[in-house]
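Subject: Structure handover

Hi,

Here is the structure I promised to pass on to you. Have a look at it first, and then read on for what turned up in it.

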Amino acid sequence: MATSSTGSTLKGWANSGSPWVWLAAGSVSLSLVMVFGLLLLIAARGLGQFWPGEIWRFELAPTAQGPGVPLLGEIAEEETVSATRARAAGEVIPENLTEVRRLLIKAGNRDLTGFDFKWLGVPQIVATTQPADALVVEREEWGNLYGFLADVRENGKSVAQGAQLWPELAARLERKRGLRAEIKHIEKDVIGGINYGIERLRLKQHKLELDGRADAAAVATLHARKLELEQEYTKANEHLAKLNQEIARDTLLFRTAGGEEKEIPFAKLVRVAQPNAMNIPQKIVHYCSKLREFLFDEPREANTEGGVFPAIFGTVLMVIIMSLFATPFGVIAAIYLREYATQGPLTGAIRIAVNNLAGVPSVVYGVFGLGFFVYFVGGSIDALLFPERLPAPTFGTPGLLWSSLTLSILTVPVVIVATEEGLARIPRAIREGSLALGATKAETLWRIVLPMATPAMMTGLILAVARAAGEVAPLMMVGVVKLAPSLPLDGNFPYVHLDRKFMHLGFHIYDVGFQSPNVEAARPLVYATALLLVAIIMALNLAAISIRNRLREKYNAADH
Amino acid sequence: MDEILAGELSRAESRRRLRMLKDRLFGVSMGVGGVAVIGTLLLIFLYLLYVVFPLFVPARVATLETNTIPLAADPAFVAFEEYGEVGLAVGGDGTYSFFATADGAAIAGGALVPAGARATTVRAGGRIGRTLAVGLADGSVVVAKPGYVVSFPDDRRKIAPAMNFPVGEAPIPATGDGSAVQLLAAETADEQTTVVAWSAAGRLVLTHLSVTVNMLEDEKTLEKSAVEVPIQDKDLVFLSLNSEQTMLLAAAANGHVSYYDIRDKAKPALVERILATEAGKRITAVEPLAGGVSFLVGDSGGRISQWFQVRDRENNLRFKRIRSFSDFSAPVVAIEPEYARKGFAALDASGRLAIYHTTSERMLVDRASGVPGARLLAYTPRADGLGVIGAERRLGRLAVKNDHPEVSWRALWGQVWYESRNQPEFIWQSSSAASDFEPKFSLTPLVFGTIKAAFYACFFAVPIAIFGAVYTAYFMSPRLRTVIKPSIEIMAALPTVILGFLAGLWLAPLVELHLAGIFLAIFCLPVSMIAASLIWNYLPSALRHRVPAGTEAMMLLPVVGFVIWASMNLSAPMETAWFGGNLPMWLNSHFGWTYDQRNSLVVGVAMGFAVIPNIYSISEDAVFSVPQHLTNGSLALGATPWQTVTRVVLLTASPGIFSAVMIGLGRAVGETMIVLMSTGNTPVMDFSIFKGFRALSANIAVEMPESAVGSTHYRVLFLAALVLFMITFAFNTVAEIVRQRLRVRYGNL
């Protein structure tokens, strides 16, 4: 229909409206390029960052300040800019150039040089090599180190030479990992549990005092229990001190490209690699280990390194609790609207209102959640149930429960609309058949209509979950934090801590990308997090679409 | 047999009853649940309204009891401590009394002046610390400072007042020549004390005292310097020092106010002498407003005006009358500023009492003072109580409920002349480190930012989305459509935090670096599409017919990709050739346009991602559901497909497209994370595409967690949320109604 050409003359071409049609087609192409370009960008940057990149050594031309210091690092980005801009950025560019190609080098060694990323104009570079023994050291603090392995020492004494250094390093790193896991267990689970217990005892005592039931016997019992815990604490602390001593045994001597040497305790190391010497299978192993760290470990260095496990965990838990509220209530409201309410102008108006609530900005829900749930409901709960903790708020402060409730109000319209649509699609004949056989309305609904509408409810739920997982603005007000000290689910009674603040993938992106002191270093991690979030949400949406399509086919068939 | 049947029947009957009961229970629970859920959704609106409502409740004043101040002489000064429980009155004879405000019972008292000395004037300093000074007939001055020690024995508040003398109890000569002190101003802080005295002999003398404490011997030494301040007027009625002791204000009854810079205590310099009343009126009351930036002048005509320094065209600071309140018809008797906010209470000679707020220009309370012979006012520090002092030492107490005086229609939406600004402006600046800061709650720049965001978003999104929708619905091959439509729709599901992050961290630097390329691409994209059409037209028809109809969009994919790639790569050469190597800088030097990295162009593109799928999806539905016989008829009459589109399809579907744009606008208005992350968030009012803005939604997200519950700021943010709620709700409702009517119309066609 479109290109039914009315002749190949210029006039005919113009009159046929063909340019407009192509312009309209171009809009679709542009939209497609935008969507897939965006997804590709996130995918490439998000997945690429775990691959061990080659380490290059750049010999630099001497500058006015002195001879060029060689630079070792990975190439993070490259671009072409006009020479004027490069000069404005402080680079020395030869006079005859109008454009310059420049590389962003991830050079690490922030504590030694003061920078960890550096733009390098290509004209500055005299020679590039890929030293096979170049070493990249990931540390718990201060970011990566790029350089060469000089020595491995035990209590200050060298333990290996030459080719023996690398295996020795690997073995000792393994030992360190075991010790580190043990230290973490003691710090987090053992000592954390003891502290939690002591705090609970304090609150219990305060509560007894408030109620006027703090007699000598009760206080003595609490005191005895507290002493017990304190003894445990001392013991755990002693063990911890011993482990810390052990982990401090080994050090690594490290040499930068400029020849500077630095001794790093093994306790501070996370991962050591020689990417230039790796073959493909080794690189894949390295990649998987980095990916595992990203998915299952906790963040380090103000969230710019390490993993996002607490954020994944927080997002999932929040979404689950939200679904527990949103699904039943959304379904009930939809059944009421469709099956019980008298269909009149009022119901029509309510339907429009519910529909429109899905379009109300999420930040408005956040404001509501903060004012109503956190300050009003939460404040009242604190005054009634937790007087012993005041003035420190328990539920009167943003937390997991309030986030889930706020988002369930935000997503309930989605569930209502989808369920109603599903109910409307069920042919009348089926309903009437059931009623004619003597079933009551409730039985018809429960046994016949609702099972048939289940896929529609699923669609609604999935869409609600997809929306909730991606929302950030309301959560900033009602419960997410950049770094939660503990997960909302742990081994301490009552196990699910609905009052705790939590981490969230979406907020993690906002926080790391925009609030972090070292955005350049954090960027790869933000891309990876974004990819993870996009993948989750796209998967949920595709599931919803496919369920909806299957549903349509099913009932279209039932109609005829 | 019958029994069995009867049993069977009754069992069936009871089962039937149970089923009916279950049915009814189910119905009731669905009804209750459904109404509850819908009620909860309604609750959002009501709750926002409930929080916002107090902003617009007028201030209320309730008369409490009237007591008699336990003093022998008429009080010259009355003040209250922080909680308003203890009052302090100083008599004109130099005696003082701390008393319980509730019943007027004396707590402590004494005399500020030595026995035998005769007090001539009493003056209290600024609201911070309330330095007291009593001038004596022999030209000397006593400086005192009230102090309150608060303790909580047995969990009950106990306030113990005491009078301190920072430069000693002995009077300090302050007029130089021994003539009586007529007027006085004094401030003391950190061992520095400044006293300015106007003597009966017509001399204005500034005395500076500094106390040095010798740590070793625990001895205090007092250093004193005195200098005469030149003054033109001879009928001074009022002196005032700011709490930093750097500025002196001297007002004369003839209406002139002289303003001195006294940072150098040895050389007071006259900054400006202004006429602060209308001709023929006398000054009857002068008080600095909280914060000390502006002062209030009350005159015999009943007018109260606010003055502060404003930069004139020559860049000199000059005092200017900013606003006046002319509600009184009798002379102003007393002005009592609040301790922390920019409000004040005033009293006129007829006993009329009014409470004002300067920023919002509101008269909040207007009533009779209720105390005969009222001549003095005293606010409690928290501005929740007001004392009116009348004849025969009577103290009438008023409870004041005035929580949000700074909000008015004008303060929220209009231009307001804030302190230290050069002209009335729209400013949003809700908080600052200083406690006496004047909050600036103009929502206009925020609404402007929101509109700007929505405008630029729609500027990019609307043409692409509508053109795309028309093509998809009308020209695209059906098989392709089932794939393409959901692909674009899925964009709507992308979390906006990701769009915002990409816009802020990837697109913004990219656009800055390739600005020339971006504009080249915007220009070249449509051109290349039309060119592709032309080339296609001239291709041999054998080749053309081999490609199925309705796949132009696929054929254009490489073209679009290539144009964007080429534009980006041509950017640097273009800049070098024509724009001095740096387009943003070139724009600045040639047109004076400043370029923010995170600007409206970036927001427009990023928000386009969020808005395109909405508009696209709904308009596509509208175009697709245009009845087939209409288009067929048009085509049969010889119209080209494109003519059919513009004259039949678009016309029929226009309400649907309109509602699509409304929904898109609604989404753009409420979008938070994109504007938060890809603009600079500075509340400027500038429509330039190269500048950022601060939108309502982003402002809420940033400021809400930090605002104090129940404060004006908190409620204004709720108001902003309510405005957003109503805008989007209105947009969506209009769109929904238009769509429903369209559906009916299609049904009829």
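A word on terms before the helices: axes here are lines fitted to C-alpha atoms, for helices over the stretch in contact, and angles run from 0 to 180 degrees between N-to-C directions. Please also keep in mind that this is a predicted model. It scores ipTM 0.88 and pTM 0.88. Chain B averages a pLDDT of 87, and 99% of its residues score at least 70.

**Between the chains**

Let me start with the interface. On the chain B side, 95 residues are in contact with 88 residues of chain A. Helix 1 of chain B (residues 2-52) supplies the largest share of that side, with 18 residues. By class, the side of chain B that touches chain A holds 61 nonpolar, 26 polar and 8 charged residues.

Helix 2 of chain A (residues 18-48) packs with helix 6 of chain B (residues 515-538) at an angle of about 125 degrees, and their axes are 8 Å apart. The crossing of helix 2 of chain A and helix 6 of chain B is right-handed.

If you want to select the contact, helix 2 of chain A brings A:S18, A:P19, A:W22, A:L23, A:G26 and A:L30, while helix 6 of chain B brings B:L525, B:P526, B:M529, B:I530, B:A532, B:S533 and B:N537. The contact of these two helices has 9 nonpolar and 4 polar residues, and no charged ones.

**Within the chains**

Chain A is assigned domain 1 (44-145 + 253-296), domain 2 (156-248) and domain 3 (309-504). The C-alpha centres of domain 2 and domain 3 of chain A lie 39 Å apart. Their contact takes 7 residues from domain 2 of chain A and 5 residues from domain 3 of chain A. The domain 2 side has 3 nonpolar, 2 polar and 2 charged residues.

For chain B, the assignment gives domain 1 (70-227 + 238-248 + 262-270), domain 2 (276-427) and domain 3 (445-748). Here the C-alpha centres of domain 2 and domain 3 of chain B are 51 Å apart. The contact draws 4 residues from domain 2 of chain B and 5 residues from domain 3 of chain B. On the domain 2 side, 2 are nonpolar, 1 is polar and 1 is charged.

Notes: Residues are numbered from 1 along each chain as its sequence is written. Chains are lettered from A and ligands numbered from 1 in the order in which they are written. This is a predicted model: local features need pLDDT of at least 70, side-chain atom pairs count only at pLDDT 80 or more; totals for chains, interfaces and linings use all residues. Domain bounds come from an automatic or database domain assignment. Two residues are in contact if their C-beta atoms, placed from the backbone, lie within 7 Å. Ala, Val, Leu, Ile, Met, Phe, Trp, Tyr, Cys and Pro count as nonpolar, Asp, Glu, Lys and Arg as charged, and the others, Gly among them, as polar. Helices (H or I, at least four residues) and strands (E, at least two) are DSSP runs, numbered from the N terminus. A crossing is left-handed if the near helix is turned anticlockwise from the far one by less than a right angle, and right-handed if clockwise. pLDDT is the predictor's confidence in each residue, from 0 to 100.
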